[in-house]
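Open the model in your viewer and keep the selection panel at hand. The stops below say what to select next and what is there.

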Number of protein chains: 2
Amino acid sequence: MERAGGNDPSAGGEEPELLSDQIRNVLTDEIASGALPPGMGLDEQELANRFGASRTPVREALRQLAVTGLVEIRPRRGVIVTQTTPERIMEMFEMSAEIEAMCVRIATYRITPIERGRLIEMHDASEALVQRSDIDGYDKFNREFHEVIYGATHNAFMAEQALTIRNRLKAFRRTQLRHGSRLARSREEHEAILNAIAQGEGDEASRRMRAHMLNAASAIGRYIATQTRKDV
Amino acid sequence: MERAGGNDPSAGGEEPELLSDQIRNVLTDEIASGALPPGMGLDEQELANRFGASRTPVREALRQLAVTGLVEIRPRRGVIVTQTTPERIMEMFEMSAEIEAMCVRIATYRITPIERGRLIEMHDASEALVQRSDIDGYDKFNREFHEVIYGATHNAFMAEQALTIRNRLKAFRRTQLRHGSRLARSREEHEAILNAIAQGEGDEASRRMRAHMLNAASAIGRYIATQTRKDV
DNA sequence: GATGATTTGTACGTATGTATA
DNA sequence: ATATACATACGTACAAATCAT
């Protein structure tokens, strides 16, 4: 649906021939994946060496990441990967849940038969993934499932925003599905959402979706609480 | 609640001593106000001269504006103020309405007596503005009114996102209240929202808010349709 | 279609402000 | 407290690509 980097300034569909874009995409992934952990200082010269470029494109990439909130620029004191407090993470999860709930409500009223068919098809196929406990496969399916719903809002702006927030939470959702029965429960929740959509019950679908997202969030809530230090 | 520029990379609360930040803030306002109309090319050297700076901070500012979507960077072919189609504008308005509706629902359940008191106080004071047809004054009040509601969600992330989208629509909402009775109608709608909040009816407040926002949007919908060309 | 002018993209140098001894 | 070290912020220079003729 969109490039990995989330917001892409060189919008449209051209290749990211710009060095700063490439660097930004790589850094985005590395921050989202946790390879660059929160609080880590990002030295311009160091990154420049790493990418075989000069500091200029690195700087531009960092500036853009700062707008997204992935890094924090402390004027003349360097750039660090944004420290996200547990409180803020939970705020982001709540926002994400509400956005998804909003999307599915609107999608319920606007979804086309083709889109609905695609959702059902994907959902059916996901059963095999659950039985195999194919976590990576289910994760991929799950992402697509939600993205199809974004698309079914038939509001491209809304879909972009939803995806951006989702991507921003990627780093914290990493361990989400690793916990036992969460996979099967997730699929059950999807099914309930699909049923509500099929019956045209937007509000019901919305409630189900919110619960679904909050379940996923709380599944890792305690995990985050143990991982993240209050004041660093 | 936040600086005019919307997303501020130099987050926290320091003064924007960075040249690129100052330039970005100015350009943000000029784009939002329409002084720099959609489609206008932005020459780096020209801007540098205008701000009495070099191209470097100008470039950094433009890169950041691109992330927000205010300008579009076409690699090696320059930067233009983003062309926004009427369809996309309406999409943005819909998203904005839904976000506001979401915020007020959550705010209804979490608002403190102090915050509620402040809303009522502001609302009462706004009557005088309506009677005077003080459009600028009402516009200012209106912005604060909505921002207090954002704050009452007690979810800072959500509040930021809501404000960012609101700011992004500023340019198109400019003429919103210039149309006759819209001022009085707006205030009536606020009152209905306040009543729902007072009774703790989140869903009702949410519906009222959505209608309120869509009224405002449709009030200028035709205006936009006449102003914006389909394919430019 | 080729050539020159203009503008962007990248590299690099220097000054300024911050952190540390 | 002063000085030293260091990374950033900005300016300038050059290279490459686009566009205008």
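Which helix gives the largest share of the surface near DNA strand C? Helix 3 of chain A does, with 3 residues. This is a predicted model, in which local features need pLDDT of at least 70 and side-chain atom pairs count only at pLDDT 80 or more, while totals for chains, interfaces and linings use all residues. Residues are numbered from 1 along each chain as its sequence is written, and chains are lettered from A and ligands numbered from 1 in the order in which they are written.

**Stop 1: DNA strand C**

Select DNA strand C and the 16 residues around it. A residue is near a molecule or strand if its C-beta atom, placed from the backbone, lies within 6 Å of it. The nearest are A:L19, A:A53, A:S54, A:T56 and B:E44. At least two residues each come from helix 1 (19-33) and helix 3 (55-68) of chain A and from helix 2 (44-51) of chain B. Helices (H or I, at least four residues) and strands (E, at least two) are DSSP runs, numbered from the N terminus. By type, this surface has 5 nonpolar, 5 polar and 6 charged residues. Here Ala, Val, Leu, Ile, Met, Phe, Trp, Tyr, Cys and Pro count as nonpolar, Asp, Glu, Lys and Arg as charged, and the others, Gly among them, as polar.

**Stop 2: DNA strand D**

Now select DNA strand D, which has 18 residues around it. A:E44, B:L19, B:A53, B:S54 and B:T56 come nearest. Two or more residues each are given by helix 2 (44-51) and strand 3 (78-81) of chain A, and by helix 1 (19-33) and helix 3 (55-68) of chain B. Helix 3 of chain B has the largest share, 3 residues. The surface divides into 7 nonpolar, 5 polar and 6 charged residues.

**Stop 3: strand 3 of chain A**

Stay with strand 3 of chain A and select its two neighbours. Two strands pair if DSSP finds at least two bridges between them. Strand 1 (residues 41-42) of chain A pairs with strand 3 in the antiparallel sense over 2 bridges, and A:L42 stands opposite A:V79. Strand 2 (residues 71-74) of chain A is also antiparallel to strand 3, over 4 bridges; there A:V71 stands opposite A:V81. Strands 2 and 3 of chain A form a hairpin with 3 residues between them, and A:R76 in the turn has a positive phi of about 65°.

**Stop 4: the sheet of chain B**

Move to chain B and select its open sheet of 3 strands, with the order 1-3-2 and antiparallel pairing. Strand 1 (41-42) and strand 2 (71-74) of chain B stand at the edges with a single partner strand each, so one side of each has no neighbour in the sheet. Between strand 2 and strand 3 (residues 78-81) of chain B there are 4 bridges, and B:I73 stands opposite B:V79.

**Stop 5: the two chains together**

Show both chains. How many residues does each chain give to the contact? Chain A gives 29 residues and chain B gives 29 residues. Two residues are in contact if their C-beta atoms, placed from the backbone, lie within 7 Å. On the side of chain A that touches chain B, helix 3, strand 2, helix 4 (86-110) and helix 7 (156-168) each supply at least two residues. That side has 13 nonpolar, 6 polar and 10 charged residues.
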